[in-house]
Amino acid sequence: MSEHHKVHCDCNAVEVTMTGIPKVHAFCHCEDCRELLQVPYHSVLAWEGDQVSISKGADEVVEFQHPTKRMKRIFCKRCGDVLYNTNAMGWKLVSQLMYRKSNGHQLPDAMVSNAHFFYDRRIVDIDDPLPKR
């Protein structure tokens, strides 16, 4: 039996379903994520592309294709909430904040960040005990 997880935008027009467990649950400090999402770092839950689908409101979704990178930002055209983004490897990345917001402000222990990736490219220092790669 596979696990199913759901997130939704602020206005509830769009719902996304993720199947299974994420490949990665960590903080990403790469320039690509920062540029695409306009954040200092990204708290990611990364799934293979075929494990994430829009289960409600597909007609309310807008995809922004980055002009130079193989990345997209998928968001609700009504409220503007970013539901997930893609990366150059074809993964779909849901932010841990989106997951929490959609699930009673809870994040399962198995999805809590366990590392920092691309930490050498950071723009913000993080003082925590997690491995910094």
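The structure is a predicted model, in which local features need pLDDT of at least 70 and side-chain atom pairs count only at pLDDT 80 or more, while totals for chains, interfaces and linings use all residues. Residues are numbered from 1 along each chain as its sequence is written, and side-chain values use heavy atoms, with hydrogens and water left out.

**The sheet**

- Strand β2 (residues 15-19) is joined to β5 by four bridges, the two running antiparallel, and Thr17 has Ser53 in β5 as its bridge partner.

**Ser102 in helix α2**

- Ser102 belongs to helix α2, residues 96-102, a helix being a DSSP run of H or I with at least four residues.
- With 13% relative accessibility, Ser102 counts as buried (under 20% relative accessible area; exposed is over 50%, and partly exposed lies in between, with a 1.4 Å probe and protein chains only).
- Leaving aside residues up to four places away in sequence, Ser102 touches Lys6, Val7 and His8, contact meaning heavy atoms within 4.5 Å.
- A polar atom of the Ser102 side chain lies 3.0 Å from the backbone nitrogen of His8.

**Salt bridges**

- Eleven salt bridges are found across the whole structure, each being a side-chain nitrogen of Lys or Arg within 4 Å of a carboxyl oxygen of Asp or Glu.
- One of them joins Lys6 and Glu15 at 3.6 Å, N to O; Lys6 is partly exposed at 38%, and Glu15 is partly exposed at 23%.
- Asp10 and Lys101 form a salt bridge with their closest N and O atoms 2.9 Å apart, linking the loop between β1 and β2 to helix α2 across 91 residues.
- Lys101 also forms a salt bridge with Asp81, at 2.6 Å between the closest N and O atoms, and Asp81 lies in the loop between β7 (72-76) and β8 (82-86), 20 residues apart from Lys101.
- Asp10, Asp81 and Lys101 are thus linked in a network of salt bridges, in which Asp10 is exposed at 52%, Lys101 is partly exposed at 33% and Asp81 is buried at 14%.

Terms used: Two strands pair if DSSP finds at least two bridges between them. A polar contact is a pair of N or O atoms within 3.5 Å; within protein, one must be able to donate a hydrogen and the other to accept it, and residues adjacent in sequence count only if both atoms are side-chain atoms.
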